[in-house]
Amino acid sequence: MFSYCTDPTTLEGLSWLSCYLTTGKHMGLYWAFGTVLILLAITAPAALMFGFGGAMAARSNVLPMRWFGKGYIAIVRGVPDIAFFLFFVIALDQGFEWMRHQYLCPDWDQPIRQGNDFVVCQAAKLPLGDAPQWVHEVYGFFTAVLTFAIVFGAFAANVLFGAMNAVPKGQIETAQAYGMTPAQIFRRITVPQMWVYALPGLSNLWMVLIKATPLLFLLGVEDIVYWARELGSSKTPRFTDYPHGDWRLWYFLGLLVFYLSFTKLSEFVLERIMKRLTHGQATLGGAS
């Protein structure tokens, strides 16, 4: 922080604003932008892996696996996204603690479910009560990422399942005629060919994932929405050296610009990828 920021009451105009925007809490806001980008960088490939596994299970010849895959895909229909997020983050947290409880506290003689309460031994708590703050933050971020990956993996599974089925049957039959095994057909024909059919749906899913990142706020992670609300609300001289009125409009306007810019950049990148995938590929009209 600049040396002249030690006495904000003597500052005016741009000097006051520059000091205000470099306070410790504003550093938290700037770090939160990185949190969102890290979430997207981890969640996107993780959701794609969940989706690929779900789509493969839905196409399996093993009946229980097919039921599991189709059931996983079916969770994307009929239930609001926020219900999934709130359910999975609680279910994952309690599931992890239950497993630790079974291992660490085998002599526990009390029921874990006590009415509406979920009670495990102190050693099984995640994180531990005496853990430093950063451990709580990392654990919250981890459960949020896993929740995002499971939920968006179901969407991705739906897209990939349809893309796999869209691969022309003639190519599959030709591969069979050449004596390829089902595993070879899947690896050499289905997977390489499906991406051109999957990319439009995956592109839309990426945009939805970007727009869903403010749900981190509901999952207890101090993201950009949390900081925008915290910093933009009215501040009085009693609580801060930088008092101001209700500035939430300007903070959320900044978030609007950030998300619009990021989605526009994503559209440009995805369009380039689509052109690369379809280069030289024949279309229904006969053109390439």
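Biologist: How do the residues of the lining of the largest pocket divide into nonpolar, polar and charged?

Modeller: The lining of the largest pocket holds nine nonpolar, five polar and two charged residues, where Ala, Val, Leu, Ile, Met, Phe, Trp, Tyr, Cys and Pro count as nonpolar, Asp, Glu, Lys and Arg as charged, and the others, Gly among them, as polar. This is a predicted model, in which local features need pLDDT of at least 70, side-chain atom pairs count only at pLDDT 80 or more, and totals for chains, interfaces and linings use all residues. Residues are numbered from 1 along each chain as its sequence is written, and side-chain values use heavy atoms, without hydrogens and water.

Biologist: What makes a space a pocket, and what volume does the largest pocket have?

Modeller: On a 1 Å grid over the protein atoms alone, a pocket is an open set of points where a 1.4 Å probe fits, with protein on both sides within 12 Å along at least five of seven lines, and lining residues have an atom within 4 Å of a point. The largest pocket has a volume of about 520 Å³, a volume being the space filled by probe spheres set on the points, which are joined across faces, edges and corners. Of its 16 lining residues, Arg59, Asn61, Pro182, Phe186 and Thr190 are the closest to the centre.

Biologist: Which element gives the largest share of the lining of the largest pocket?

Modeller: The largest share, four residues, comes from α7, a helix being a DSSP run (H or I, at least four residues) numbered from the N terminus.

Notes. Helix = DSSP H or I, 4+ residues; strand = E, 2+ residues; numbered from the N terminus.
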